[in-house]
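Please keep the sequence and the model at hand while going through the points.

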Amino acid sequence: MYARVVAVTIAAVLGAAAVLLSPTSHARAGGDGVPTVVAHRGASGYAPENTLAAIDRAAELGFSWVENDVQRTEDGELVVLHDDSLERTTNVEDVFPGRAPWKVRDFTAAEIARLDAGSWFSPSYAGARVPTLRQYMRRVEHNHEKLLLEIKSPELYPGIEQQTLKLLGNEGWLDGRHRDRLIVQSFSADSVRAVHELKPALTTAYLGAPPVKQLPRFAGFADLVNPSQTALTREYVSAVHSVTGPHGRPLGVFAWTVDDAATARRVAGCGVDGIISNKPDVVRSALGSD
C-alpha cells in the first residue's frame, strides 16, 4: 500500500511538472518565471544559421530550445534553410554559376549537399553543409534539445506539411514523449491549419500579429501567436492570453527576433512566454536567468 501511495504521489508531481514545462504553460516575466529563450536558427549569432554547428553551439551555451526552417529540394528532400534561395548562405554561385537565381526548389539534395554553408559566416566554419531535416532532427535528439520548426514558404511546396509530419513521425517526434519538445509554426495560416488538422495533438504556432478581433479564429488551429518584437505591446499580449486555444489552454506568445539586453527586458515586460534570439545568452543575461 505504501509503495502504491508513493508511486501515485510521484506520478502526480511529474504530471504537474510536465504542465509547468510545457511550451504553452506561460511562465511569464514578472510572475513565477521568465520567458523561454529560443535559439533562432540555432545560436546563429555565433555559428552559421540553420547548420548542425549552430544547434551544437546552442547546446554548448545551455539552451534547450532551438528554431529552424524547412524547405524542399527539386527531388523532394526536406532541407533546413531559411531563404528560398541558396545565394546568401552558401557558395552556390561558385559551384553552379549558371543557375541563378539559385532557388532551393531548383536543386537536388545531392547538389545542395556539395555546397559550403559555413564559410560566408567565418573561415572556421568552412565545409559546413546544409543539413537535411532528417540529419537535423537526429542532431537535435542527440543534443536533447527541443524544436520550434518553421514551415517556410509553404506555397512553394504543395504538401510539405504532410511530408514534414511524416518525417517527424518516422523519427519518433510525434509520440507522447516528444509532445512538449516540438512546436510547428508558419507565416501561413493555411499551413498551420493544415498541420493542426493532420495532427491535432501537436502544438502549433502562427507567425505574425493578427488583429485582436481575429484571435478567436486563429485559436481554432494555433496554440501560440508569435509576432515580431516590433509589433509587441503589453495590451496585445494580454489580449492573446485571454483567448483559449485548441487544446483548452490560453494562447501563448513567443516574440522574435531579440538580440540586445534593452529589447529583451522590454519584451519580457510585455508578459511574453518566449523570446527568440540569435544571441540567446544575451537575452538570458538581460533577464537575470544565468
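This is a predicted model: local features need pLDDT of at least 70, side-chain atom pairs count only at pLDDT 80 or more; totals for chains, interfaces and linings use all residues.

1. Which residues point one way from β4, and which the other way? Lys146, Leu148 and Glu150 point one way, Leu147, Leu149 and Ile151 point the other way, and all are buried. Buried here means under 20% relative accessible area, with exposed meaning over 50% and partly exposed in between, for a 1.4 Å probe and protein chains only. Strand β4 covers residues 146–151, and six of its six residues are buried, so the strand is largely enclosed by the rest of the structure.

2. Residues are numbered from 1 along each chain as its sequence is written, and side-chain values use heavy atoms, with hydrogens and water left out. Helices (H or I, at least four residues) and strands (E, at least two) are DSSP runs, numbered from the N terminus.

3. For the protein as a whole, there are eleven helices and nine strands. Of its 290 residues, 51% count as buried. Among contacts between residues at least 6 apart in sequence, 61% join residues at least 24 apart; contact means heavy atoms within 4.5 Å.

4. The strand neighbours of β4 deserve attention. Two strands pair if DSSP finds at least two bridges between them. Strand β2 (residues 65–72) pairs with β4 in the parallel sense over six bridges, and Asp69 stands opposite Glu150 of β4. Strand β5 (residues 182–186) also pairs with β4 in the parallel sense, over four bridges. Here Ile183 in β5 is the bridge partner of Leu148.

5. Strand β5 is mostly covered, with five of its five residues buried. Leu182, Val184 and Ser186 point one way from β5, whereas Ile183 and Gln185 point the other way. Four bridges join β5 to strand β6 (residues 203–207), and the two run parallel. Gln185 stands opposite Ala205 in β6.

6. A right-handed β-α-β unit is made by β4, helix α6 (residues 160–170) and β5. Another right-handed β-α-β unit is made by β5, α7 and β6. A crossover is right-handed if, with the strands pointing away from the viewer, the path from the first strand over the helix to the second runs clockwise.

7. How do the helices pack? Two packed helices are described by the angle between their axes and the distance between the axes. Axes are lines fitted to C-alpha atoms, for helices over the stretch in contact, and angles run from 0 to 180 degrees between N-to-C directions. The axes of α6 and helix α7 (residues 189–198) come within 9 Å and cross at roughly 45°, which makes α6 oblique to α7. Angles under 35 degrees count as roughly parallel, over 145 as roughly antiparallel, 65 to 115 as roughly perpendicular and the rest as oblique. The crossing of α6 and α7 is right-handed; a crossing is right-handed if the near helix is turned clockwise from the far one by less than a right angle, and left-handed if anticlockwise. In the contact, Glu161, Gln162 and Leu165 of α6 meet Ser191, Ala194, Val195 and Leu198 of α7.

8. Helix α5 (residues 133–142) packs against α6 at an angle of about 40°, with the axes 11 Å apart, and α5 is therefore oblique to α6. This crossing of α5 and α6 is right-handed. Leu133, Arg134 and Met137 in α5 meet Thr164, Leu167 and Leu168 in α6.

9. Leu207 lies in strand β6 and counts as buried because its relative accessibility is 3%. Not counting residues up to four places away in sequence, Leu207 touches Glu150, Gln185, Ser186, Phe187, Asn226 and Trp256. The C-alpha atoms of Leu207 and Ser188 are separated by 7.6 Å, although the two residues are 19 apart along the chain.

10. Leaving aside residues up to four places away in sequence, Arg57 touches Ala43, Tyr46 and Ala47. Arg57 and Tyr46 are eleven residues apart in sequence and 7.4 Å apart in space, C-alpha to C-alpha.
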